[in-house]
Amino acid sequence: MAEGLSNRLHALRAERGLTQAVLAEMAGVTRKTINTVENGVFIPSTFLALKLARALGVSVEEIFMLDEG
Amino acid sequence: MNDKSDFEIAERLSRRRARMLPVLTIFFVMQQAAYFSQPDTGRPVDHVRVSAWIAMSVVLLVGLISGGFWFRRATVRALLDDEVTRAHRARAMETGFIAAMVAAIALYFVTLFEPVSGREAIHLLLSVGIACALLRFAMLERRAHRDG
């Protein structure tokens with residue numbers, strides 16, 4: 001996980017019963033992108049974060065949050 | 001539906017690119033090893049070897065910079081050049097630049113003891129830079145696909 005940033009992308013996706021591939025199509029990116037964001041390997045741009053939030057029907061803050069302490 | 005097939009095509013091509021790049025890089029490095037083990041003596045065959053190296057270097061470099069797959073649809077190419085891929089490319093370019101600089105420093109010390117022609121130096125630096133950038137890009141792409 002990248003230092004200082006957590007995300008709930010995997011959990012939110014699983015709650016909706018979506019595969020990485022389906023979410024990738026909904027957000028207009030590749031499955032690889034979803035995979036790297038979920039694993040914390042890649043911190044997305046604001047643009048991509050907004051697209052992911054829109055695809056999942058949540059706010060960006062519900063997906064990404066700063067690590068406390 | 002066209003869009004769906006574009007995603008599937010991009011996924012398949014992206015995986016293929018990640019698999020093929022290390023192979024291409026090894027082939028490229030082996031080509032250079034053959035060149036340096038038998039230095040240029042001005043024979044016609046040497047011109048062919050150097051031309052092949054230049055052609056392959058240009059193709060690999062342009063492929064790395066542009067993302068390749070030039071004859072695919074624009075939508076597929078856009079997916080193959082998405083945000084993560086661009087980030088991987090930037091890191092790969094950084095690695096290639098650092099490797100070329102380190103090779104240049106090493107070459108400087110080599111020239112203190114052994115004469116090195118300008119062409120040989122360019123050949124070495126370009127090859128090291130391209131090979132290291134390609135390997136780094138391939139490694140990052142393979143890891144991105146694998147972790148799912």
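Reader: How many residues does the contact take from chain B and from chain A?
Author: This is a predicted model, in which local features need pLDDT of at least 70, side-chain atom pairs count only at pLDDT 80 or more, and totals for chains, interfaces and linings use all residues. Residues are numbered from 1 along each chain as its sequence is written, and chains are lettered from A, with ligands numbered from 1, in the order in which they are written. Two residues are in contact if their C-beta atoms, placed from the backbone, lie within 7 Å. On that basis the contact takes 14 residues from chain B and 16 residues from chain A.

Reader: Which element gives the most to the side of chain B that touches chain A?
Author: Helices (H or I, at least four residues) and strands (E, at least two) are DSSP runs, numbered from the N terminus. H1, H4 and H5 of chain B each give two or more residues to this side. The most, five residues, come from H1(B).

Reader: How many residues of helix H3 of chain A are buried?
Author: A residue is buried if 20 or more other C-beta atoms lie within 10 Å of its own, exposed if 12 or fewer, and partly exposed in between, with C-beta atoms placed from the backbone. The buried residues of H3(A) include Arg31(A), Lys32(A) and Glu38(A). The helix spans residues 31-38, and the number buried is eight of its eight.
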